[in-house]
Amino acid sequence: MPIEITMPALSPTMESGTLAKWLKSEGDMISAGDIIAEIETDKATMEVEAVDDGKLARLLVTEGTEDVPVGQVIAVLLEEGEDESVLDEIVTKAEQKSQKPEKKAKADESDDGQSEEAPAVLPARPRAASVPDEEEIPAGTEMVKQTVREALRDAMAEEMRRDDTVFVMGEEVAEYQGAYKVTQGLLEEFGDKRVVDTPITEYGFAGVGTGAALGGLRPIVEFMTFNFSMQAIDAIVNSAAKQRYMAGGKITIPIVFRGPNGAAARVAAQHSQNLAPWYASVPGLKVIAPYSAADAKGLLKAAIRDQNPIVFLENEIMYGHSFDVPKLDDFVLPIGKAKVVRKGSDVTIVAYSIAVREALKAADALAEEGIEAEVVDLRTLRPLDMDTVVASVRKTNRCVVVEEGWPVCSISSEISARLMEEAFDYLDAPVTRVTNEDTPTPYAANLEKLWLISPEKIVRAVKAVCYRD
Amino acid sequence: MLEFYRQMSLIRRFEEKAGQMYGQGLIGGFCHLYIGQEAIVVGFQSALKKGDGVITGYRSHGHAIVTGASSKEVMAELTGRDAGIARGKGGSMHMFDPEAGFYGGHGIVGAQVPLGAGLAFAAKYKGDDSVILAYFGDGAANQGQVYETFNMAKLWSLPIVFIVENNQYAMGTSVARSSGQQELFRRGEGFGIPGKLVDGMNVLEVRAAADEAVAHVRAGKGPLLLELKTYRYRGHSMSDPAKYRTREEVKTTREERDPITFIKKRLLEDGETEETLKVIDNEIKAEVADVADFAQNAPEPDPSELYTDILVES
């Protein structure tokens, strides 16, 4: 069977090119690897190599022809011992094909399974699986006061006792007991095989952790703060989040990247910022940002057990705050479930992480003025529990989203957009956002205070959407 | 040796076909061919045992094939079909077959190196005696994360062999134009990792070096770095005009150092017949033709696959 040499595609975007020059003539014997022609594209002049051995029987496109479409037959090769008598038929067929350039490359591939122009129907984007409302803490459960820090440590320790593939790695997590003392006591109980101090090498150890998850372990990778995770973001986004999809589901990466995120106090721009929206924008990750100690514990335990890569965002300022934590042997909360932390009927305030504290303070102040705010703690940022947010907004018809972070391309802008799509008819006022100011974090105490969200700013926004002054 | 010849020829013919199909528009995106470098992956794989792992960069077709994936699945991945090794969702640069010990297929230059160290960390943690091979190129050898990984691999004495496939050009930039210190096998010295230079065009030397390295690492003696001098005949990817090197350089290498010509000559000297090799050649030709046909006719993924395999649904 004679071999048809077609106009090659030389780049992912090339559709046609100029056949600048033939370097072989009709009748020449050629072998694989020989340069037979030069082609010019808008980017470069490229050489065309022969792929097969044989005799160059016919050249079908003359030198200098422009806009030769990719896939058009440009020459015919006869293999050793083949008869020239079949040539005419092939040439005629090839010429007919080139008359219909738009179908050129595909004309003989109509049954190749490759969908051509028929626009495929876009499958519906699946909604985040709705988590049923269940009582999270059984009535009558004894509660103990615990700091967020202690709750996080207990969550890790309990999961490490339960599953010996769980281990912790990061800077100062072992001997130093954690830069913020979140891993206090873990080295003593679990030893240095499972509580691993790393060098200061975030990109490297985020990759090593991801590889360990690929190899069947359940790593908890601590970033001393999430500011440093930007050194490692390629490992998190390109390696951890996408591998399962790129592998057609053959890979699982059960890993937790955790550490403090958000503004700290008086440490200026590089050590004080909220990266939640960055991670929450990435398909293939789950992103959790709890506020209370109980949620921190129940969600961290769930994250460690989850089969997916998880970004678990803590808050340095909240580490030392105490909350009621249920005294249960195994307290695990569902990922992807927001929580109404204060009931109210006049306005919904949506918040997460430390912003919940500001929202609750604002709600107290508003109550004194006769405005009953409902406060929704998102807890998980990806997947977002819009069901809970929409249910609240349907009731209150007003919404203020509070975020201790920048306003642009943020969780609060996402919530606003989703409310437009999902609750427009229920809104009596525009969804309004209260965020940090759109600047790098300032150092000076007065400027930093101006930059941050505050209960006062939230109160003002709520009054505006309630049309009160 | 006959098996070396068979595997190397299969990769060569497979890649030539892939190049051809790319030219026909049947394969999209980036497509980096392994032609010229076949001896490395074939030599190393023959030194491994079940349970060992392999990870590499984006020039991954050869690695996928020799670790156990069928050439059919690899070609169907290149054409973006449901029967592909990653169900058409990964493409040329992202091939995975974890059951066979092949952990990708990674598109970001150098990112596979810490992942490989993580696999080695897991092997050591679990207490099995498996070894991980982490392949990367001369270009990746200048990535910072590679050195972060060297440091941790030595610190924790991880069972990993770092393999630099030095094909001498990182895309269009030669080693001489990108590296202050061009003896890449010495790049581990500052971390306490011994290195060795190996002729990557000679599959027998590759095998001998692999045996030695794998035994060293399996015995718990810590990581090693091997530099395999090799050459890629084709461009960096299919869209490479290759103006950074002369045609003579490619031609001379091809004529004088070709790894398949080398092993063929050795086989004939050892008494194999041209006929035996011809039989193998014909089998491979038929396999590749069959594979190409399969990969063009297999169905594309169903549109509903767009939203699957993102997360493990619990």
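Trainee: How many residues of chain A are in contact with chain B?
Mentor: In this predicted model, 58 residues of chain A are in contact with 54 residues of chain B.

Trainee: Which elements of chain A give two or more residues to that side?
Mentor: They are strand S5 (45-49), helix H4 (202-214), helix H5 (233-241) and helix H6 (243-246) of chain A.

Trainee: And which one gives the most?
Mentor: Helix H4 of chain A does, with 10 residues on the side that touches chain B.

Trainee: How do the residues on that side of chain A divide into nonpolar, polar and charged?
Mentor: There are 27 nonpolar, 24 polar and 7 charged residues on the side of chain A that touches chain B.

Trainee: Let us turn to chain B itself. How many helices and strands does it have?
Mentor: Chain B has 11 helices and 8 strands. Its C-alpha trace spans about 60 × 50 × 40 Å along the principal axes.

Trainee: What does the radius of gyration of chain B agree with?
Mentor: It agrees with the value for a compact globule: with 314 residues such a globule would have a radius of gyration near 20 Å, and chain B has 19 Å.

Trainee: What share of its contacts comes from residues 24 or more positions apart?
Mentor: Such residues account for 75% of the contacts in chain B with a separation of 6 or more.

Trainee: Back to chain A, please. Which domains does the assignment give?
Mentor: The domain assignment gives domain 1 (3-104), domain 2 (143-326) and domain 3 (339-465) of chain A. The centres of domain 2 and domain 3 of chain A, taken over C-alpha atoms, are separated by 26 Å.

Trainee: How many residues does each of those two domains give to the contact?
Mentor: The contact takes 24 residues from domain 2 of chain A and 21 residues from domain 3 of chain A. On the domain 2 side, helix H7 (276-280), strand S14 (286-288) and helix H8 (293-305) of chain A are the elements that give two or more residues. The residues of that side divide into 16 nonpolar, 5 polar and 3 charged.

Trainee: What is the strand order in the open sheet of 4 strands in chain A?
Mentor: The order is S1-S8-S6-S3, with antiparallel pairing.

Trainee: Why is one side of S1 and of S3 left without a neighbour in the sheet?
Mentor: Strand S1 (3-6) and strand S3 (29-30) of chain A stand at the edges and have a single partner strand each, so one side of each has no neighbour in the sheet. Strand S1 of chain A pairs with strand S8 (residues 73-78) of chain A over 4 bridges, in the antiparallel sense. Within that pair, A:Glu4 stands opposite A:Val76 in S8 of chain A.

Trainee: Now the backbone. Where is the cis peptide bond?
Mentor: The bond from A:Arg382 to A:Pro383 is cis, with omega near 0°. A:Pro383 is found in the loop between strand S20 (380-382) and helix H10 (386-396) of chain A. As a general point, most peptide bonds are trans, and most residues other than glycine have a negative phi.

Trainee: Which residues have a positive phi without being glycine?
Mentor: Among them are A:Ser353, with phi near 55°, and A:Tyr467, with phi of about 55°.

Trainee: Is each of them buried or exposed?
Mentor: A:Ser353 counts as buried because it has 27 C-beta neighbours inside 10 Å, and 20 or more are required. A:Tyr467 is exposed, with 9 other C-beta atoms within 10 Å.

Trainee: Where do they lie in the chain?
Mentor: A:Ser353 lies in the loop between strand S18 (347-351) and helix H9 (354-368) of chain A. A:Tyr467 lies in the segment after helix H13 (455-465) of chain A.

Key:
Residues are numbered from 1 along each chain as its sequence is written. Chains are lettered from A and ligands numbered from 1 in the order in which they are written. This is a predicted model: local features need pLDDT of at least 70, side-chain atom pairs count only at pLDDT 80 or more; totals for chains, interfaces and linings use all residues. Two strands pair if DSSP finds at least two bridges between them. A residue is buried if 20 or more other C-beta atoms lie within 10 Å of its own, exposed if 12 or fewer, and partly exposed in between; C-beta atoms are placed from the backbone. Domain bounds come from an automatic or database domain assignment. Two residues are in contact if their C-beta atoms, placed from the backbone, lie within 7 Å. Ala, Val, Leu, Ile, Met, Phe, Trp, Tyr, Cys and Pro count as nonpolar, Asp, Glu, Lys and Arg as charged, and the others, Gly among them, as polar. The radius of gyration is taken over C-alpha atoms; the globule rule is 2.2 Å times the number of residues to the power 0.38.
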